[in-house]
Amino acid sequence: IMDKETSFTKKYDVLSGTAPDEAFKFTVAFESFVNQNGDAANTTTYPTVTIGDATFTEDMLAGGNYSEDAAVSITNIDNCALGVYTYKITETDNGIAGVNYVADPVYLNVTILRDEGNGKHYVAAIHYETVDGAKTGETTNTYEAGIL
């Protein structure tokens with residue numbers, strides 16, 4: 001059985017001023033499962049997906065474009081059925097003035113296949129999609145300092 005680690009890229013465009021420290025956090029919720037026959041199915045056993053923070057520090061955020069990766073870990077694969085598992089990823093609004101938080105969710109699809117040679121499950125593909133189904137691997141936030 002193979003657990004999988006990947007990453008999700010958070011881009012941060014500092015349009016003006018110096019942005020304060022920010023740890024972008026994400027919530028992951030299981031959405032749906034489609035079995036290996038392509039049928040929507042109910043399941044109570046699905047891979048566990050966790051996403052770490054994408055952290056930016058003030059000393060690196062004086063105007064410009066930045067990116068950091070948030071670690072994504074996929075575990076608990078061994079007892080899961082074969083098929084595609086979809087997860088909804090939403091960004092937490094930390095309420096920091098000047099930060100434009102991403103409101104639209106991103107969807108993570110995890111495909112699990114069986115290796116008939118040894119009878120084990122494997123993660124065959126991981127990809128992220130936007131609400132409209134376009135593939136992506138990142139989201140972008142902006143920061144703009146107010147004028148006093």
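**Reading an all-strand model**

Q: How many helices and strands does the protein chain have?
A: Helices (H or I, at least four residues) and strands (E, at least two) are DSSP runs, numbered from the N terminus. The protein chain has zero helices and twelve strands.

Q: What should I know about the model itself?
A: This is a predicted model: local features need pLDDT of at least 70, side-chain atom pairs count only at pLDDT 80 or more, and totals for chains, interfaces and linings use all residues. Residues are numbered from 1 along each chain as its sequence is written, and side-chain values use heavy atoms, with hydrogens and water left out.

Q: What does the C-alpha trace span along its principal axes?
A: The C-alpha trace of the protein chain spans about 65 × 25 × 25 Å.

Q: What is the strand order in the open sheet of five strands?
A: Two strands pair if DSSP finds at least two bridges between them. Here the order is S4-S6-S1-S12-S8, and the pairing is mixed. Strand S4 (48-51) and strand S8 (99-100) stand at the edges; each has a single partner strand, so one side of each lacks a neighbour in the sheet.

Q: In which sense do strand S1 and strand S12 pair?
A: S1 (residues 4-18) and S12 (residues 138-144) pair in the parallel sense, over seven bridges. Tyr12 stands opposite Asn141 in S12.

Q: Is Gly64 buried, exposed or partly exposed?
A: Buried means under 20% relative accessible area, exposed over 50%, and partly exposed in between (1.4 Å probe, protein chains only). Gly64 counts as partly exposed because its relative accessibility is 28%. Across the protein chain, buried residues make up 32% of the 148 residues.

Q: Which residues is Gly64 in contact with?
A: Contact means heavy atoms within 4.5 Å. Gly64 lies in strand S6 (residues 62-75). Leaving aside neighbours within four places in sequence, Gly64 is in contact with Tyr12, Asp13 and Val14. Gly64 and Asp13 are 51 residues apart along the chain, yet their C-alpha atoms are separated by 5.9 Å.

Q: Which residues have the most contacts inside the largest nonpolar core?
A: A nonpolar core is a set of buried Ala, Val, Leu, Ile, Met, Phe, Trp, Tyr and Cys residues joined through side-chain atoms within 4.5 Å. The largest has 31 residues, and Tyr12 and Phe24 have the most contacts inside it. Elements giving two or more residues to this core include S1, strand S3 (26-35) and strand S9 (106-115).

Q: What does Phe24 touch?
A: Not counting residues up to four places away in sequence, Phe24 touches residues including Tyr12, Phe56, Val99 and Asn141.
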